[in-house]
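Here is a guided look at a pair of protein chains for someone new to reading structures.

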Amino acid sequence: MHGKRGLLSVVGSVLGGLLLLALSANVSPCYGYFMDKQVDAVVNTWSRFDRFLSTFDPAGRYVRQPIERQVPALTFRGFLRQWSDIQLSGDRRVGNRQKDFRFSQMQNLLELELHYQVSPNIEITNINNFIYDSVYNWQDSAGLFAPRTSETFRAYHNFERIVRELYISYRTHNLDVVLGKQQIAWGKMDGQYIDVINGMDRRESVQLEASDYEWRRLPAWMANVTYFFGANSLNFLWIPNFEQDRNPVPGSPWYSPLASPRDTETKAILDGRQDATGDQFRETKRPSTGDFGDHQYGLRLDVSMEPLTWGLIYYYAWNKNPTSFIVDRDIDAAGDPYLIFQPRFTRLHHLGITADYASALSNMPLVGELPIVLRVEGLWTKDVPFADFDHQDRAREGYLNSGIIRRDTLRAAIAVEFAFPGNTSFIFQPSLLYTFDWRKNLGPGFGGAVGDKWNVLPVIFIGRPFRFTRDRLRVEMTLIPWISGPVREWQGIKSKLVAQYRFSQFITGRLIYTAFSSGDRTDLYGQFNKWDNIGWELSYEF
Amino acid sequence: MALRARQLLWLLVCCLLCSGSLGAATVAADQGGLPPQKTWTTAAELTAEEKRALDFRTDTPRDASVPYLPAEPFPFQLPYTAEEMALRAMEFPHSPFWDCILIDMAFSVTNSGFMDQRVTLIPILYFPENGFGEHLYAAQPGQEIYRWLSQGVSPPERYGNQTLWIGYRTDKTFRTKIDMFAYSPSLRRIRRQPQPRREDRLPNSAATFDNLIGRDAWEFSWRILGTDVLHQTVRFPKTRQTAVLTDEKGQYVEVDAKDLSLMGKEYPLYTTDGGVKCYVLEAIPKSEWLRDYYAHKLIYWVDQYAFFPLRVEEYDRQGHLSFVNTRIASLANPALQEHGYAVQFDLWWDVSIDFLSASTHGFVPQTWTEEDKKIFFSPGFMRREWFLAPPKGLMSLNSPDEFYLRPPLEEGKFPDSRSINLSPEVQALIEAQEREGKLVFEEERGDG
């Protein structure tokens, strides 16, 4: 506890200091009038620093510009980002986790993006990511050992991960053809509703944010063809290459404390000091790129009918996470029955809708006219497999079955965005996750509610820039309460606070506070009550 | 302890979110002396010949179908009322009302020297085929007037960011001026945005949305204050005596500042000393059209040939000068004759927080085909990340020292209508700027 207090005090001081510096740098002239000379000196130093940073772009000046001059058809850009999160809770055991680490990420990401214009209609694009997460090396932690399972958690080290996108695009007025490795973002909401084309690196689990999808999506090799007619378009996807979701693995910072066995046991199994006990799992069966019948297909129609735009999607896809089917039952040396599972991916049919509409409310108190935008998005998925623990118990008793039942699921959201004075944006987005014909003892399934029949998330977002900083400081707050029924009722609330400051047009800093409050320790957010953290991001774009 | 720290953090957040911008307390500035030569004349002091060109009435006959517009057909004949001149001035917002690709090089600088430079390509589609007269009299409220596709080129963080603006003809019954869609490559999502509030500033800019998209003249009561001769609007610093412009193909070209004149080379009405004769108009928001408008009053200097606004001042609710916009024009579309002028340089100064923004424009004339109009100017097009001109970024300023000077205050002119109250700090920075011939920042002014 003493350690936590010390840490909070340091973090508070740093936060306060940075904020004071940021504010003092941009106060209006009359504030300077009342400042004493010491504060004036700080302002003056900052002013000099400001002017130095204004044109500080070494990679742009000495790398990007010379390359572009040498190869006029090439556009070259990139960024370097340092991303760190420090946990506010001290060492402790949480569920099955040995949580003896303070940094949950210390990621360094270099992105290089190249576009080569072969002809006016043909362009080759390549985007590469180089990530190194030093949490596994810079901390003496027994609870962080994910690289033993997957080196990708520490660093991108292979072609699949480093070369994120590589495609050739051909365009005419009415047609876009894009062939190669790419990522597709369908939908326009915060959160994933119809944005289901690519798999996702979910190493950050419940902390994964929509603003990070760009770097967390797992691009796939595909053909992406769009036909434009008037203001409307029809998009067709053919995806021979399947990329599943990558979830946190044992020994990674966001691996669920509910998942068994304990960290010590997991490490003993990985070291070969102990055999795994209980149910057995065979190697996962994956869809084959070489089998035409295993490919995925998507179709999207977008229609613009001012002031309404709407779209429909259909996606014949694989579930991004494997489902474990019971294939056999056996008895161990102690005479206890155990099950043999075959994890495999299953086919899903997704049907979705998206729409948005703009309007304004007149004669509102205090604000007069209030512009609003309404966005709607929904995804209905047919025959999603769910593990049924009742069926598994029966299988254990000798009544062999697959241990799976299928249910339809719906996830949908309505967002209302208001434009308040001072460029203040307020969004209220009630979201629904629903499993049709739900019953107790079901495991998780794509699109359905988490641990319950339905989940409702009345998401609230407010954000605004501050004029006295000339819009360089922007503060945002997001609240995601997780309401659930009919069993759990309340699964906790996620609160996120972001202060973003533009040091220059090339360098941006962000301070992020994320908290998971209330909820039971077996609930979605409740299990991460001890994962509250403060993060910072420093990004240089060139 | 943890609880207290969290409470303090939340308190801080709530304070930040709830607070408005810190207002600057102002004290009366030294009004200084009058310029060496008096260039301005009040309406009462005009000669009989000058008065013959003007119609001081405010109750001219109304158009039968659009009662808030004059019965006299656009572009109006001598003598001009203040309202007619204002309607002519409406033709010249920040972005032109004719088809082209506008190359916008924009800059902002704070009084501490923080500088932002950006280049944006803006393909413009203007719907009224018979020009601005059709825009005024034939277009129905709610009818689309223009579409702007704003494509961010530089700095790197803006590369590929796009916004589609759909502008409408408005009146009291249809008040939506803009529909807006935004696309961000980092989100790969096209999002419809709420209509911007007219008084809100553009991100990282001194200008409001009304400064950018222009104001409808019928929302204001107009009065002729007099005439003036302007000799300078956008002033180059001694540290930079060149400007980067673009040719008709969009290629960057450097020109000497001394070769630039307020209305371009072709302008026929320069005075012998290179000045531009202007009418000075006062605009007061009509409460039945604009309730609680953020500006209490505006004053326009419009040239006497094309009625191009070369200087616009805004006054806050206390009646003090709060914002100045100065411009240099060029005849960017000669085929339209005096209607073809456009903003070559725009300089915006938010006086209250001493914040400057500027734009330099290049014009690539375009004739959009019917296919272009449907494809390029639809929201879905932004997802294609297809630049309609070569996406060449440019950092044309090497340092904040090279930014334009704050606009001249034109002190002493029309004192009955103009109240200028500057804080001592801003006043000191202006004096230092005039002394040095370049912007002087907070720590350089020598009185700290």
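In which sense do β15(A) and β16(A) pair, and over how many bridges? β15(A) and β16(A) pair in the antiparallel sense, over 8 bridges. Two strands count as paired if DSSP finds at least two bridges between them. Helices (H or I, at least four residues) and strands (E, at least two) are themselves DSSP runs, numbered from the N terminus.

Before going on, please note that this is a predicted model, in which local features need pLDDT of at least 70, side-chain atom pairs count only at pLDDT 80 or more, and totals for chains, interfaces and linings use all residues. Residues are numbered from 1 along each chain as its sequence is written, while chains are lettered from A and ligands numbered from 1 in the order in which they are written.

In β16(A), A:Leu339 is the bridge partner of A:Arg329. The hairpin of β15(A) and β16(A) has 5 residues between the strands, and A:Gly335 there takes a positive phi near 85°.

The pair belongs to an open sheet of 3 strands, in the order β12-β16-β15 of chain A, with mixed pairing. β12 (280-281) and β15 (323-331) of chain A stand at the edges with a single partner strand each, so one side of each has no neighbour in the sheet. β12(A) runs parallel to β16 (residues 337-344) of chain A, and 2 bridges join them. Here A:Gln280 has A:Ile340 in β16(A) as its bridge partner. As a rule to keep in mind, side chains in a regular strand alternate between the two faces of the sheet.

**The two chains side by side**

The table uses two terms. A residue is buried if 20 or more other C-beta atoms lie within 10 Å of its own, exposed if 12 or fewer, and partly exposed in between, with C-beta atoms placed from the backbone. Two residues are in contact if their C-beta atoms, placed from the backbone, lie within 7 Å.

| Property | Chain A | Chain B |
|---|---|---|
| Helices and strands | 9 helices, 25 strands | 7 helices, 16 strands |
| Buried residues | 36% of 542 residues | 48% of 448 residues |
| Contacts at least 6 apart that join residues at least 24 apart | 62% | 65% |
| C-alpha box along principal axes | roughly 85 × 65 × 60 Å | about 80 × 60 × 45 Å |

The radius of gyration is taken over C-alpha atoms, and the globule rule is 2.2 Å times the number of residues to the power 0.38. For chain A, a compact globule of 542 residues would have a value near 24 Å, and its 26 Å agrees. For chain B, a compact globule of 448 residues would come near 22 Å, and its 22 Å agrees.

**A covered helix in chain B**

Now find helix α3 (residues 82-89) of chain B, which is mostly covered, with 8 of its 8 residues buried. Among them are B:Met85, B:Leu87 and B:Arg88. The cover over the buried residues of α3(B) includes α4 (132-138), β8 (220-230) and β11 (276-285) of chain B.

**Where the chains touch**

The contact takes 70 residues from chain A and 67 residues from chain B. On the chain B side, α1(B) gives the most, with 6 residues. That side of chain B divides into 29 nonpolar, 18 polar and 20 charged residues. Here Ala, Val, Leu, Ile, Met, Phe, Trp, Tyr, Cys and Pro count as nonpolar, Asp, Glu, Lys and Arg as charged, and the others, Gly among them, as polar.
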